[in-house]
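Let's take a friendly walk through this model, starting at the ligand and ending with the sheets.

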Amino acid sequence: MKSKYEVLVIGGGPAGALAAKTAAEKGFSVCLVEKRPAIGAPVRCAEGIGKEALAEFIEPDSRWISAEMSGAGIVAPDGFEMTLESSMAGGKVGYILDRKIFDRELVWQAADAGADVYVKTRASAPIMHDGRLKGAQLECCGNVSKVMADVVIAADGVESKFGKWCGIDTTVPVREIMSSVQYVMTDIDINPHATIFYLGNEVAPEGYLWVFPKGKRAANVGIGISGRKSGKGHRAKDYLDRFVKQKFPHGKSIECIIGGVSVCRPLECTVADNLMLVGDAARVVDPLTGGGIYNAMFTGKLAAEVAADCIAKGDVSKKALMTYDREWRASKMGKSIERNYHIKEYMIKQPDEKLNAIIHSVSALDLTEFSTLTLIKELLKANPKLLIELGALAASIR
Ligand code: FAD
């Protein structure tokens, strides 16, 4: 490992991989460090992503696609299932990835582009001089080293510490952390081409339960509930176990993962002098769906593009790096995070009867497109009373 790079990326998830690849492709010296011994494992994800979203960054490859989705179902608290067909999305719905291979492929591409990659290497402290970030202290198998960098890109995920160490408030309120548990299940009866979401305060309070197929008789079966709803006897795992026992009594769990998803607003500022935060570390997960793979890749790539420009111009101050912060907020992704935050806040306050009414009402609509925005727009048209309940948000959607 060299002692100085132009760009140091902390974390080898989708955000870090795209940041490292982009900066390396632009000819900058890049080092990516990942604290885990292997990229992509353990998987803490239901692995769902939209086809069009993915295509912005990488050619689909059957090596890391577990299943192709052609529809989705939403199950109301009263058991009614609303179906969304692929014809509403021009045949383009989504994939369930195999992230053990997908994440590895992304980092592989970063390495091919010229980035140095070190696994089992943890950034354990920032190196500061005169109040400015100059690099990071790294630990690998008991050895400590120092790496200097013009720009550090913190892509250290939901558990991100690097930003905090550098003085950025990265705290997520407990109520906005989804406590999540997921089983990879086999030997279950499912539609292998449709994702199913279960809603309701008895099923997944302030969250949802999902079945994301991974093959003919296999799926990621998981749940996310609000941290404030979790407690002894009613933790996410208790809800999931109850569901699995009832729905898939003969299924087998071959993997169990536990993780947190932040469904708060993004950080107030995602840059500082010589520092940029991307992906989950910047809290850019979609607050309504909990989806963060696309947002991680989007912010990782954009951050590296801005970093490259700033390094070339010799100014990596917070003021110069702010271009990144402004651009992602103004992007389609940034706007949808803000909109979906309001929708999430509205939805989690609804009793089951209201959720039933909303889902029944949406299912009766003649939807021509398959997106959260279309769903909400159509719902507002059909239920003018909702306009008042949603207040300012409704105006921004119409
Ligand atoms: P991560 O993928 O978390 O990568 C961060 C990396 O940084 C990790 O590998 C970590 O080991 C490393 N790291 C942390 N600290 C350090 C350090 N100090 N030094 C070195 N390395 C460090 N999103 C979707 O789009 N679709 C889904 O279906 C979906 N389902 C989900 C289900 C669950 C249960 C959970 C928990 C999340 C889900 N998400 C989903 C969210 C998605 O997984 C994340 O948004 C995405 O992985 C974010 O990518 P990232 O690169 O920002 O962070």
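How do the residues of the shell around the ligand divide into nonpolar, polar and charged? There are 13 nonpolar, twelve polar and ten charged residues. Here Ala, Val, Leu, Ile, Met, Phe, Trp, Tyr, Cys and Pro count as nonpolar, Asp, Glu, Lys and Arg as charged, and the others, Gly among them, as polar.

A word on the source: this is a predicted model, in which local features need pLDDT of at least 70 and side-chain atom pairs count only at pLDDT 80 or more, while totals for chains, interfaces and linings use all residues. Residues are numbered from 1 along each chain as its sequence is written, and side-chain values use heavy atoms, with hydrogens and water left out.

**Around the ligand**

The ligand is surrounded by 35 residues, each with a heavy atom within 4 Å of it. Glu34, Ala46, Gly48, Arg99 and Asp280 are the closest. Both domain 1 (4–44 + 100–170 + 268–330) and domain 2 (70–96 + 173–262) contribute residues to the shell, so the ligand lies between them; the domain bounds come from an automatic or database domain assignment. At least two shell residues each come from helix H1 (14–25), strand E9 (122–129), strand E16 (252–262) and helix H6 (293–313). These elements are DSSP runs numbered from the N terminus, with at least four residues for helices (H or I) and at least two for strands (E).

| Residue and its atom | Ligand atom | Distance |
|---|---|---|
| Asp280, side-chain N or O | oxygen | 2.7 Å |
| Ala46, backbone N or O | nitrogen | 2.8 Å |
| Pro14, polar backbone atom | oxygen | 3.2 Å |

Taken alone, the ligand exposes 1,000 Å², and the protein buries 91% of that. Such areas come from the Shrake-Rupley method with a 1.4 Å probe.

**The sheets**

Seven strands make an open sheet of mixed pairing, ordered E6-E5-E13-E14-E15-E12-E16; strands pair if DSSP finds at least two bridges between them. Strand E6 (81–85) and E16 are the edges, each pairing on one side only. Within this sheet, E5 (residues 71–75) runs parallel to E13 (residues 194–198), joined by five bridges, and Gly71 stands opposite Ala194 in E13.

Three bridges connect E3 and E7 (residues 94–97), with Ile49 opposite Tyr95 in E7.

Methods:
A polar contact is a pair of N or O atoms within 3.5 Å; within protein, one must be able to donate a hydrogen and the other to accept it, and residues adjacent in sequence count only if both atoms are side-chain atoms.
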